[in-house]
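Biologist: Please take a close look at one part of this model: the place where the two chains meet. What lies there, and what packs behind it?

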Amino acid sequence: MLIARVIGELVATYKHPSHEGCKILLVQPLNLDGSNRGDAVVALDAVDAGVGDQVLVTTEGFSAMTAVGRTQSPIDMAVIGFIDHVELVPGVS
Amino acid sequence: MQLGRVVGCVWATVKNANLEGYRLLLVQPLAADLRDTGKRLVCTDWTGAGAGEMIYWVRGREASIAFLPGQPASDATIVGIVDSVHRAANKPAKPARQPAERH
């Protein structure tokens with residue numbers, strides 16, 4: 001799973017029926033220092049996240065499908081949680 | 001899933017039998033600011049997208065799930081046509097749409 005920030009929303013009128021009724025979010029994966037980690041990706045929304053939220057993104061099909069509640073659908077990324085706080089244990093990391 | 005733009009078509013007359021009947025399109029991945037990023041790849045197409053259209057595509061095992069009950073040997077599939085992207089800081093960005101040329 002990745003830590004990411006929601007940076008936008010897509011509007012797609014014509015899409016796979018299993019994506020109907022779900023928000024399609026543009027999320028930017030982040031490093032622990034808050035900098036961008038690679039390119040932004042597209043993820044379906046399973047927690048009603050909005051632009052600016054720091055979220056947890058799963059990047060694997062099965063977990064994404066079950067989180068959105070649509071098995072057997074072409075989903076490989078989903079926003080599955082909000083991140084309130086990340087704490088690094090001193091001396092370990 | 002990732003943003004992309006359709007930049008071409010791929011014909012393959014000889015291919016695995018379970019790929020028969022599926023369109024193969026050449027896709028340029030896009031970054032959040034809609035600039036090109038990374039290398040182009042071949043995707044099977046669920047949507048009927050045309051050249052120049054902005055799309056989003058799914059990769060991996062889920063790529064063939066889009067076509068159920070068909071199961072093409074595909075690892076990347078276009079699953080939606082993007083009308084617009086609304087970003088936080090900017091005005092809504094419109095896709096760079098070229099004259100639709102459907103194949």
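**The contact between the chains**

Modeller: The contact draws 29 residues from chain B and 27 residues from chain A. On the side of chain B that touches chain A, at least two residues each come from β1 (2-10), β4 (54-59), α1 (62-65), β5 (76-81) and β6 (84-87) of chain B. The residues of that side divide into 16 nonpolar, 8 polar and 5 charged. This is a predicted model.

Strands also pair across the two chains. Strand β2 (residues 14-15) of chain A is joined to β5(B) by 2 bridges, and the two run antiparallel. Here A:Tyr14 stands opposite B:Ile81 of β5(B).

Now the helix. In α1 of chain A (residues 61-68), the residues A:Gly61, A:Ala64, A:Met65 and A:Val68 are buried. Viewed down the axis of α1(A), these buried residues fall within an arc of 95°, so they line one face of the helix. They pack against β4 (41-45), β5 (54-58) and β6 (78-82) of chain A, together with α1 of chain B. A:Gly69 follows α1(A), and its phi is positive, near 85°.

Last, the core. The largest nonpolar core has 50 residues. Those with the most contacts inside it are A:Val27, A:Val42, A:Ala43, A:Ala78, A:Val79, B:Tyr56 and B:Trp57. β4(B) gives the largest share of this core, 5 residues. In soluble globular proteins, nonpolar side chains tend to be buried together. Take A:Val27: beyond its neighbours within four places in sequence, its contacts include A:Ala4, A:Val6, A:Ile7, A:Val41, A:Ala43, A:Val55, A:Val57 and A:Val79.

Technical notes: Residues are numbered from 1 along each chain as its sequence is written. Chains are lettered from A and ligands numbered from 1 in the order in which they are written. This is a predicted model: local features need pLDDT of at least 70, side-chain atom pairs count only at pLDDT 80 or more; totals for chains, interfaces and linings use all residues. Two residues are in contact if their C-beta atoms, placed from the backbone, lie within 7 Å. Helices (H or I, at least four residues) and strands (E, at least two) are DSSP runs, numbered from the N terminus. Ala, Val, Leu, Ile, Met, Phe, Trp, Tyr, Cys and Pro count as nonpolar, Asp, Glu, Lys and Arg as charged, and the others, Gly among them, as polar. Two strands pair if DSSP finds at least two bridges between them. A residue is buried if 20 or more other C-beta atoms lie within 10 Å of its own, exposed if 12 or fewer, and partly exposed in between; C-beta atoms are placed from the backbone. The arc is that of the directions from the helix axis to the C-beta atoms. A nonpolar core is a set of buried Ala, Val, Leu, Ile, Met, Phe, Trp, Tyr and Cys residues joined through C-beta atoms within 7 Å.
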